[in-house]
2 protein chains.
Amino acid sequence: MVVHAGEHLSTRDLIINEALHCFSEVGYDGTSLNDIAAGVGIRRPSLLHHFPSKEALYHEAFERLLSDWFERLAGAIASSERGWSKVQLVIGAGFDFFADNHEYVRLMRREALDGGAHLGIDLAAVLRPLWDRSVDFFREQMEAGVFRQHDPEQLLLTGYGAILSYFSDSPFLGGLLDEDPLAPDALLRRRDHITAFFRTALVP
Amino acid sequence: MVVHAGEHLSTRDLIINEALHCFSEVGYDGTSLNDIAAGVGIRRPSLLHHFPSKEALYHEAFERLLSDWFERLAGAIASSERGWSKVQLVIGAGFDFFADNHEYVRLMRREALDGGAHLGIDLAAVLRPLWDRSVDFFREQMEAGVFRQHDPEQLLLTGYGAILSYFSDSPFLGGLLDEDPLAPDALLRRRDHITAFFRTALVP
DNA sequence: GCAGACCTACCTACTGGTCGGTAGGTCGAG
DNA sequence: CTCGACCTACCGACCAGTAGGTAGGTCTGC
């Protein structure tokens, strides 16, 4: 997983963390291997001793981030809850993960923007099973009358945009609002709103 | 405004259109002046005869796009409608503009991702007045009992994410769904869903 | 003749990546 | 304990390629 604390980190891990930071902040093209190496405190050739190429480094860093995210969501998804409480659980888990890793949400968004095309992983293919399961879940619950009728895919798209955008665009939103969107109480308010908003839309 | 058709365009306009295309597709760093020049059918120094620098070109292209967007929304915003029909009008105008210019939505998103920091315009500052007016509008209508009670800013944030993300992330979403998100009937379905979704959330 | 649009040729800065080499540690053989 | 073989981690110097940008010349229409 993404190692956060500052102890006993191998150079490899330091590089990956710094790479995630740079790639998130200024994108793939905007990041030079020199930047990453400097952030770790080594030179570029030393970095390339640990990773064969820039693309390989990106690939590994992104994959680590993705598996982190999956791991974090797994519990909520696998839970045997049904109906609204399950949705609430998953929304909460997703939101909290993004809040804890808000820096890296921008990396995911960049990847989505470019369709994951030019670099490594096919994000859509990886997420597809999860997506399909969610669609099925909503369809079931709607047919059972537990939720109001909506197009399940459209509903998920809306949720996706509502949660992700808040974090990915936080540098921009900070200028639109009067407070830091990532401040604890702002996060709490956002979390509450999204939950309440979808509750009113779903629960009859 | 952004000139779409292919007649009587000055080289300047051709450059700006091609620049918007490239910047949207692969971002600022991912676009070279050679790419743009080649798209227009001239050489790079000739391009730099019309614009003093890459950044200046980006600035002008983006500003043109932004003023287009304002112009398009102005009618809907200035309308004297109140309540839900006004919201419907603005949502519709925004959605349709994005649909017509889906390519450029990705440019706006890139700008939001980077907080507009490193290039030219402070997007947030430009949009701020519009934002504040919208917040006030919702607050009024809620207090008047026309709309259900929500946090107006949170509501706008959700709408922002729900509409914009669909277009900006369409390359990614195409892999998640079974159809092209930008196909006419897919667009229609998205438009209907967003409208209906916010109607249920707002109209008591 | 002149001005604008365009070109080729060139510059510097920086990119990702390779090369050869070195400091320091670990190992097993004698 | 010592010696040499081997290893990982790191470095400076260098490479080819490309970036944005400039200088100076040519061509065309007024």
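This is a predicted model: local features need pLDDT of at least 70, side-chain atom pairs count only at pLDDT 80 or more; totals for chains, interfaces and linings use all residues.
User: What does the C-alpha trace of chain A span?

Analyst: About 60 × 40 × 30 Å along its principal axes.

User: And how much of chain A is buried?

Analyst: Of its 204 residues, 51% are buried. Buried means under 20% relative accessible area, exposed means over 50%, and partly exposed is in between, with a 1.4 Å probe and protein chains only.

User: What share of the contacts in chain A join residues at least 24 apart?

Analyst: 67%, among contacts between residues at least 6 apart in sequence. A contact is heavy atoms within 4.5 Å.

User: Let's look at α7 of chain A. How many residues, and what reach?

Analyst: Helix α7(A) covers residues 123-143, which is 21 residues, and reaches 30 Å from first C-alpha to last, close to the 30 Å expected at 1.5 Å a residue. The expected span is 1.5 Å times one less than the number of residues.

User: Where is the kink in α7(A) centred?

Analyst: On P129(A), with a kink of about 40°. The bend at a residue is the angle between axes fitted to the seven residues ending there and the seven starting there.

User: Which residues of α7(A) are buried, and what covers them?

Analyst: The buried ones include L123(A), L127(A), L130(A), W131(A), F137(A) and F138(A). Their cover includes α4, α5, α6, α8 and α10 of chain A, together with α9 of chain B.

User: What follows α7(A)?

Analyst: G145(A) follows α7(A), and the phi of G145(A) is positive, near 80°.

User: Switching to chain B. Where is α4(B) kinked?

Analyst: The kink in α4(B) is about 30° and is centred on R72(B). Helix α4(B), residues 54-78, has 25 residues and reaches 36 Å from its first C-alpha to its last, close to the 36 Å expected.

User: D169(B) next. Where does D169(B) lie, and is it buried or exposed?

Analyst: D169(B) lies in the loop between α8 (152-168) and α9 (170-176) of chain B. D169(B) counts as buried because its relative accessible area is 0%.

User: Which residues is D169(B) in contact with?

Analyst: Leaving aside neighbours within four places in sequence, D169(B) is in contact with R109(A), A112(A), L113(A) and Y160(A).

User: Aromatics now. How many pairs over all chains?

Analyst: The count is 33 aromatic pairs over all chains. One of them is W69(A) with F70(A), edge-to-face at 5.9 Å centre to centre and 85° between the planes. Rings of Phe, Tyr and Trp (its six-membered ring) pair if their centres lie within 6.5 Å; planes under 30 degrees apart are stacked, over 60 edge-to-face, and the rest tilted.

User: Are W69(A) and F70(A) buried or partly exposed?

Analyst: W69(A) is buried at 11% relative accessible area, whereas F70(A) is partly exposed at 30%.

User: What about F197(A) and F198(A)?

Analyst: F197(A) and F198(A) also form an edge-to-face pair, 6.1 Å centre to centre with 80° between the planes. Both are buried.

User: Which residues do ring pairs link into a cluster?

Analyst: W69(A), F70(A), F95(A), F97(A), F98(A), Y166(A) and F167(A).

User: Which ring does the charged end of K54(A) sit over?

Analyst: The ring of Y28(A), 4.4 Å from its centre. In chain B, the charged end of K54(B) sits over the ring of Y28(B), 4.3 Å from its centre. The rule is NZ of Lys or CZ of Arg within 6 Å of the ring centre and within 35 degrees of the ring normal.

Terms used
Residues are numbered from 1 along each chain as its sequence is written. Chains are lettered from A and ligands numbered from 1 in the order in which they are written. Side-chain values use heavy atoms; hydrogens and water are left out. Helices (H or I, at least four residues) and strands (E, at least two) are DSSP runs, numbered from the N terminus.
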